[in-house]
Structures are given as structure tokens and as C-alpha cells.
Amino acid sequence: MALTPFGQWLQGWVPRLGRHHTDTPARIKKGLNAATVAGIGAGIGVASLGPWLAHLLGGSHVSVTFALAAFVGISVAMSTISRASGMAGLQTLGMSKAVAISAVVGAAIGIPLLLVSVPVYGAVGAAAAVAAAETGVTLAQGIRLRRVLAGIAAHG
């Protein structure tokens, strides 16, 4: 949630010059690099500080294990990166269908994992399933965006 304004800023900054402007691919790459650094940093922060902050803010009423915090941290990182690759990257290039397909990939990964892992592992299972789904979305978008940008570079 804390990185939502950053993602929204990228969604406005990347396409500012227009989809067909020669600098747009470079802006997509810069935005994706910035989102990757921010997302990984935030994910590490959530994973490492989550249990401590939960104890500080919730006392003995809230228990956040390192495993739970780690999976939530992965989700935060992947969500931040996919916002850049999907909304600021693929959408800018007019590839809304690729973003929709990546969402289907995430659902195909997440739903079965949720159904299996939650009854067995509870909140940690749910967090792991969401992390896996977010990773699937990010990978699907990243692969598609890389191919599209390579095609643009090859054809000038």
C-alpha cells in the first residue's frame, strides 16, 4: 500500500511522451528498474520488520511469524514490480490483453494453491499462495514485456 503512489506516478510518467515516442521504451525500462529496486527494498523491509512491528503494535494479541512476513514481503515486491511491467509497461504499449493474460496466470496459480494450502497451513499457506500467484503474474508480464521491447529495439 505504501508504494501505491509510486506505481501511480510511474503509470503517468512512462507514457507521458506517447506510445510511439522513441524514448518510451527507455522510460519503461527506467520505470521497471526503479520499481524493482523499490519493490525488493519494501519486500525485504516487510519480511524483516513485519514480526517485530506486529509485536510492537499488537502486543501479544498479534503473532506474525517470519514465514508469514517473508511471503507477504515477496507479494509486496512482486506486486510493485508487476504494476510497473503491466500498467506502466505493457499498457503503455497498448498490450492490455497481455496484462489480462497475466492476471489469469496468477489466478490459475493462486486459486488451487489457496484451496490446498489454507486448510493445512492457515495464514502462512494463504500468504505463500498469494506470493506464488503474484510471482506468476510478474513473470508472465516480464517475459512478454521483454519480448516486445526486444522487438521494438530490433525494428527501430
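Mentor: The model is predicted, so local features need pLDDT of at least 70, side-chain atom pairs count only at pLDDT 80 or more, and totals for chains, interfaces and linings use all residues. Residues are numbered from 1 along each chain as its sequence is written, and side-chain values use heavy atoms, with hydrogens and water left out.

Trainee: How many helices and strands are there?
Mentor: Four helices and zero strands. Helices (H or I, at least four residues) and strands (E, at least two) are DSSP runs, numbered from the N terminus.

Trainee: And what's in the largest nonpolar core?
Mentor: It has 15 residues, and Leu10, Val14, Ile28, Leu90, Leu93, Met95 and Leu145 have the most contacts inside it. Such a core is a set of buried Ala, Val, Leu, Ile, Met, Phe, Trp, Tyr and Cys residues joined through side-chain atoms within 4.5 Å. Buried means under 20% relative accessible area, exposed over 50%, and partly exposed in between (1.4 Å probe, protein chains only).

Trainee: Which elements give two or more residues to this core?
Mentor: Those are α1 (4-13), α2 (24-58), α3 (66-90) and α4 (96-155). The largest share, five residues, comes from α4.

Trainee: What does Leu90 touch?
Mentor: Leaving out residues up to four places away in sequence, Leu90 touches Ser85, Met95, Ala98, Val99, Gln141, Arg144 and Leu145. Contact means heavy atoms within 4.5 Å.

Trainee: New topic: is Trp52 buried or exposed?
Mentor: Exposed, with a relative accessible area of 51%. Trp52 is found in helix α2.

Trainee: How much of the whole chain is buried?
Mentor: Of its 156 residues, 34% count as buried.
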